[in-house]
Amino acid sequence: MHPLQHVLRVQRRLRWGPLASGSWLLLRTCRVHSGVPSTARPSPERQQEDGVWKDFSSRLASGPTFQHFLRSASVPQDKPSSPEVEDPPPYLTVDELLGRQRKVYLETYGCQMNVNDTEIAWSILQKSGYLRTSNLQEADVILLVTCSIREKAEQTIWNRLHQLKALKSKRLHSQVPLRIGILGCMAERLKEEILNREKMVDLLAGPDAYRDLPRLLAVAESGQQAANVLLSLDETYADVMPVQTSPSATSAFVSIMRGCDNMCSYCIVPFTRGRERSRPVASILEEVRKLSEQVLQLIHDRDNICKQIHLPAQSGSSRVLEAMRRGYSREAYVELVHHIRESIPGVSLSSDFIAGFCGETEEDHLQTVSLLQEVQYNMGFLFAYSMRQKTRAYHRLKDDVPEEVKLRRLEELITVFREEAAKANETFVGCTQLVLVEGLSKRSATDLCGRNDGNLKVIFPDVELEDVTNSGLRVRAQPGDYVLVKITSASSQTLKGHLLCRTTLKDSAVYS
């Protein structure tokens, strides 16, 4: 028997299931290219097979095309799209999707991605009219953002659910029913097992289903359990701006991608967070910009944060900056300087500069001189270029500026910097400055030194002074103390003045 005929006999025994139809199509293709003569008289068995094939071909031609299945697929955008208001599902009204000021309590377990997920989930709920609470007892909704990386992480959630079960059972009938939800990786991994094991869990939402939280909560309000654990190939929450959930947080995370394709043999992440996909660059930059604005506002508002920012320019020439691969132009740098000074009036600026980088011309050097004059830095760190092995410049560029030219340009930069810094520091003369005492001056055993709010060095005599927090008490300033100093002179490097009193950060506001 011909091998292909044997395969066909086996194929007929499959009773034309879905897989059999696909295999039959493949075998028909193989037959056309096989060694069986096409002019041979077809047998009755062959005629029956051809009839079945024609029927299958006609149904295939009239069925949906590949494009039909792609028609509703979303295409990744280069920039975040504006959030659109979608119609509610037919079984819910717009009003039912609103939070109506119900209070949400969020608990986060696991990695930094879960911290970011919490911020995304809260951003979505906040826009839907929910309020945030840090008091578990007054919460109407409790959401746990979970981790599945290890068994212990999941056991922590099971234990927490047992604690919350008691809280839910004690809920007064006069209050809004307490809803409990499991979000993130554990919801994705265990799915309905959570709902079956813990009947008190009202909703599940996987890492790609946070947009669906208002609907899930609305369904839960009707007394039903609700779940969405579908993974997405393109969800990055690009148009959702995370809202920090901890008022005391000292750091913020910017997510640039979701999911993972590495498939490490020990790791559950690809199965709980889906395929790897990157956020659009535009949405990342927008989030970083907003965080930067928050930092500037924080520096402006808080007395305990030094009003000083280090902005390393390296060069005032856009051409040299490009060769250095700095990623910005002179114009962009100057615009940033103006923005910072508008956001934080009186801010002190410092910078780094390199004299004589590869290919730097005299015109490039003069542009750096003019940048020093334009910005008028309070502090600066200036050096002649020295090539380092293994750097890109070492492999791609030529260190073609003679050493004597580098040194001459460096001296010119230092001279201009000092002239401009002296002008800037001169504005402090006659003003009273709050100074944090650091210790004895290196140049005088009878003087103390410290830093003002702009991180400028201040020199003042080590003498007895009044303590404003304890009237009549005379003390000597110690490292760590705050003192008020009236500035009497200034140079490009330091301020000098005489002591007024010892104070505190809070009390110093009276004198400012």
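**A working chat on the predicted chain**

Tutor: The accessible surface of the chain comes to about 29800 Å², and 54% of that belongs to carbon and sulfur atoms. Please keep in mind that this is a predicted model.

Student: How many helices and strands are there in the chain?

Tutor: The chain has 16 helices and 18 strands.

Student: And what share of the residues counts as buried?

Tutor: Of the 512 residues, 41% count as buried. As for contacts with a separation of 6 or more, 66% are between residues 24 or more positions apart.

Student: Let us turn to the rings. How many aromatic pairs does the structure hold?

Tutor: There are 4 aromatic pairs. One of them is formed by Tyr210 and Tyr237, whose ring centres are 5.8 Å apart with the planes at 20°, so this pair is stacked.

Student: Why does that count as stacked?

Tutor: The planes of the two rings meet at 20°, and stacking requires an angle under 30 degrees.

Student: Which parts of the chain does the pair tie together?

Tutor: Tyr210 is in the loop between strand E5 (203-205) and helix H9 (213-221), while Tyr237 is in the loop between strand E6 (226-228) and strand E7 (257-258), so the pair ties together parts that are 27 residues apart in sequence.

Student: Are these two tyrosines buried or exposed?

Tutor: Both Tyr210 and Tyr237 are buried. For Tyr237 the relative accessible area is 1%.

Student: What is the phi of Tyr237?

Tutor: Tyr237 has a positive phi of about 55°, although it is not a glycine. Most residues other than glycine have a negative phi.

Student: Where is Arg325, and what is its phi?

Tutor: Arg325 lies in the loop between helix H12 (318-324) and helix H13 (330-343). Arg325 is not a glycine either, and its phi is positive, at about 65°.

Student: Is Arg325 buried or exposed?

Tutor: Arg325 is exposed, with a relative accessibility of 56%. Tyr237, by contrast, is buried.

Student: Which residue lies over the face of Trp158?

Tutor: That residue is Arg197, at 3.7 Å from the ring centre of Trp158.

Student: A change of topic: where is Asn452 found?

Tutor: Asn452 is in the loop between strand E13 (447-451) and strand E14 (457-461).

Student: Buried or exposed, for Asn452?

Tutor: Asn452 counts as buried because its relative accessibility is 4%, and the cut-off for buried is under 20%.

Student: What does the side chain of Asn452 reach?

Tutor: The side chain of Asn452 reaches the backbone nitrogen of Gly454 at 3.0 Å. Leaving aside residues up to four places away in sequence, Asn452 touches Cys306, Phe428, Gln433, Leu434, Val435, Val458 and Leu495.

Student: How many residues of E13 are buried?

Tutor: In E13, 4 of the 5 residues are buried, so the strand is largely enclosed by the rest of the structure.

Student: How many bridges join E12 to E13?

Tutor: Strand E12 (residues 432-440) is joined to E13 by 4 bridges, and the two run antiparallel. Leu436 has Arg451 of E13 as its bridge partner, and a hairpin links E12 to E13 through 6 residues.

Student: In which sense do E13 and E14 pair?

Tutor: E13 and E14 pair in the antiparallel sense, over 5 bridges. Asp447 has Pro461 of E14 as its bridge partner.

Student: Which residue takes a positive phi in the hairpin of E13 and E14?

Tutor: Asn455 does, with a phi near 70°, and this hairpin has 5 residues between the strands.

Definitions and conventions: Residues numbered from 1 in each chain as written. Predicted model: local features only at pLDDT ≥ 70, side-chain atom pairs only at ≥ 80, totals over all residues. Heavy atoms only, no water. Phe/Tyr/Trp six-rings, centres within 6.5 Å; stacked < 30°, edge-to-face > 60°. Buried < 20%, exposed > 50% of the residue type's maximum accessible area, 1.4 Å probe, protein only. Lys NZ or Arg CZ within 6 Å of the ring centre and 35° of its normal. Contact = heavy atoms within 4.5 Å. Areas by Shrake-Rupley, 256 points an atom, 1.4 Å probe, with all protein chains shown as cover. Polar contact = N/O pair within 3.5 Å; in protein donor to acceptor, adjacent residues only side chain to side chain. Pairing = 2+ DSSP bridges.
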